[in-house]
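Subject: Structure handover

Hi,

Here is the structure I promised you. Please open it first, then read my notes below.

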Amino acid sequence: LLSRRSNPEIIDASVLRAVRLAVLQGRKLRFDYASAQKPVRSHEVDPLGLVTVRDRTYLLATVDGADRTYRLSRMSAATVLDAAADRPAEVDLDALWAERAA
């Protein structure tokens with residue numbers, strides 16, 4: 001029997017609140033993000049939804065219409081912007097995740 005040790009992610013509570021609010025209200029989001037082996041950069045996105053897979057939580061978003069995926073644990077600050085997000089009225093997160101994970 002094999003088991004995999006779970007290393008839960010640490011997500012800043014204020015980041016999680018801001019990301020959820022942006023998704024629910026359909027507003028643009030700005031956040032600071034540290035991707036693997038790169039310095040922290042600021043991103044402004046149109047959030048589509050949140051997906052949790054294997055104890056990791058991801059923000060599915062678009063930037064100028066291009067698909068983007070971000071791990072919440074790599075965000076150090078997030079701000080909901082006043083501008084409306086550019087996104088479809090309905091989003092199928094299962095289908096989006098399947099496309100991005102392929």
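Leaving aside neighbours within four places in sequence, which residues is V19 in contact with? They are L29, L50, L59, L72, M75 and A78. Keep in mind that this is a predicted model.

Now α1 itself. The helix runs over residues 13-25, 13 residues in total. From first C-alpha to last it reaches 18 Å, close to the 18 Å expected. V15, A18, V19, A22 and V23 are its buried residues. They sit on the same side of α1, because they cover an arc of only 130° around the axis. An α-helix has 3.6 residues a turn, so residues three or four places apart point the same way. The buried residues of α1 pack against β1 (27-33), β2 (41-53), β3 (56-63) and β5 (75-84). On the face turned away from that buried side, R17 and L24 are exposed. Just after the helix, G26 has a positive phi of about 65°.

One more site: R100, in helix α2 (residues 93-101). Its side chain reaches the backbone oxygen of R68 at 2.4 Å. Not counting residues up to four places away in sequence, R100 touches L48, L60, A61, T62, D67, R68 and T69.

Best wishes

Terms used
Residues numbered from 1 in each chain as written. Predicted model: local features only at pLDDT ≥ 70, side-chain atom pairs only at ≥ 80, totals over all residues. Heavy atoms only, no water. Helix = DSSP H or I, 4+ residues; strand = E, 2+ residues; numbered from the N terminus. Expected span 1.5 Å × (residues − 1). Buried < 20%, exposed > 50% of the residue type's maximum accessible area, 1.4 Å probe, protein only. Arc of directions from axis to C-beta. Contact = heavy atoms within 4.5 Å. Polar contact = N/O pair within 3.5 Å; in protein donor to acceptor, adjacent residues only side chain to side chain.
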